[in-house]
Amino acid sequence: MRRAARAPLAVLVALVPALGAHAHPHVFISSRVELDFEESSLARISVDWTFDELFSQMIIADYDRGKKGSFTDAEAAGLKKGAFDNLSNYHYFLALSVGGKAIALPPIRDFKPSIRDGKLVYSFSLPMALAVTPAGRELRITIYDDTYYVAFDKMSPADVAIASGGLIETDVSIEKTKVKAEWPGQFMPDQIVLKMRRK
Amino acid sequence: MRNPLMSLSRRALIALVVAALRVGLAGAESPNPFTSSGGPARVVAPAAGGIAVLAPFLHSLTDRLAELAREIREARTPGPMLALALASLLYGIFHALGPGHGKTIISTYFLAKAAKLRHSLMAGYLIALVHAVSALTIVLALFFIVRGVFSTGFESASRIVQTLSFGVIALIGATMLAQRIRGKEHSHGHRFGFRKAYEHEHEHEGGSGEVTGKELFGIALASGIVPCPGASAIILVCLSLNVMLAGVVAVTLISLGMGVTVSVIGAVAILVKRGVLKASGSGRGGSSSLARRIVEIAGSAVLFVFGLVFFVAQF
């Protein structure tokens, strides 16, 4: 190929992966997770999402009629339909794996929107039935939006609460994990790594 | 003879340029997962790692915009309004680094045409103007006329505008591609020698080769018309707090910030094209115009394909 053609072609070909609906965060969420054990089994994962003030104000303006600072049951139901249920198309931004193998996401329960210090908060839970043996089990929870319209704040072990009734020994750490490794420049969301062992 | 393209500094330069253009060549706006209906856009790639680093800063900035709107409502002193103007400008600049906001369109347009640096300034200004008017119109129409749930209404309106925008871009790209392939400008390479050929080429490059104000406005219209969700949210918040002036200030400054980023990205595209054409052997008459033709045809092709792919993906 003629030398003249090589440079522009190389530049243009290299740019092809840059095209696409790259995402870019418009909504920011701070996550808190609680793990509830019953006897020696993980019974529930409760998730709490606190939104940035701009998205909060917009949703509150839409659903908190009369600016009471809270949602009535009817308003909460409307909000669930208009500003939550569509997450089923995004796997609710959650990915679970046990012992290194991905597990299906349980149905979302107990969705409740609220307003805390002027910010919008979504609370919901995932019913689980994960028996914990003395040999131990490892659960990994990744919270991420791979379209990156929503950016989740960096997590620390302090964002994970354990209610184990003393029967379970737990160890919580946060690791970075790769998402969609085949794309160049993939981002690496936080992953909660929970090691559990029945005492 | 050693190929200058293989030298380390050349490679480093190309890598740097590719990185810069990667910021420029981004794609469409993704839908809001909460308030839109349906799944992710069909052509999606995760963000470049760079954006993740900015996330905490963007989070604070986003919070700050809403806080300032509330402060302005409480105490109508100039302080919060000035802070809002600054925060909005920063928000516009940083958000335009993300996808959408017309950068792909501008970059490929400048690759496909013989553009001067001042055209990138014009482009930035025009996109800012179109965006501010579009965002205000759409938000005001949704708030006062449609009056439904704003957040879902906005996603639907945005989707419609985006689809139209891609259709127009595909058409512009197709027209430019056809012109490039037919080859409106001619090279006089060997007959006049380098300097004369360069000057002569410029003289004859009128019509389809050059950027015209009308064409630039069309491009700015097609790309600036899609409203930024953040800009629209702040207008909405200001409307619901009854501080309309703050909303206008915010959206104007956000749009100006976007214009700044688009101008810079456009300027990079123009400079890259110049650099690449020089690197591929300027002064050799025939070769340089082949390189130019390749860049311009590729630029128009990318614009056309980009518009077409995203247009089709909306359905």
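Which residues do ring pairs link into a cluster? The cluster consists of A:Trp49, A:Phe51, A:Phe55, A:Phe84, A:Tyr90, A:Tyr92, A:Phe93, A:Phe111, A:Tyr122, A:Phe124, A:Phe152 and B:Phe34. This is a predicted model, in which local features need pLDDT of at least 70 and side-chain atom pairs count only at pLDDT 80 or more, while totals for chains, interfaces and linings use all residues. Residues are numbered from 1 along each chain as its sequence is written, chains are lettered from A in the order in which they are written, and side-chain values use heavy atoms, without hydrogens and water.

**Aromatic pairs**
- Over all chains, the whole structure holds 20 aromatic pairs (rings of Phe, Tyr and Trp, the last by its six-membered ring, with centres within 6.5 Å; stacked under 30 degrees between planes, edge-to-face over 60, tilted for the rest).

**The pair A:Phe84 and A:Phe124**
- The ring centres of A:Phe84 and A:Phe124 are 5.5 Å apart and the planes stand at 50°, so the pair is tilted.
- Because A:Phe84 lies in the loop between α3 (73-83) and β3 (94-98) of chain A and A:Phe124 in strand β6 (residues 119-131) of chain A, the pair ties together parts 40 residues apart in sequence (helices are DSSP runs of H or I with at least four residues, strands runs of E with at least two, numbered from the N terminus).
- A:Phe84 is buried at 1% relative accessibility (buried means under 20% relative accessible area, with a 1.4 Å probe and protein chains only).
- A:Phe124 is buried at 3%.

**The pair A:Tyr122 and B:Phe34**
- The ring centres of A:Tyr122 and B:Phe34 are 5.8 Å apart with planes at 75°, so this pair is edge-to-face.
- A:Tyr122 belongs to strand β6 of chain A and B:Phe34 to the loop between α1 (8-24) and α2 (49-74) of chain B, so the pair joins two chains.
- A:Tyr122 is buried, at 0% relative accessible area, and B:Phe34 is buried at 0% relative accessibility.

Key. Buried < 20%, exposed > 50% of the residue type's maximum accessible area, 1.4 Å probe, protein only.
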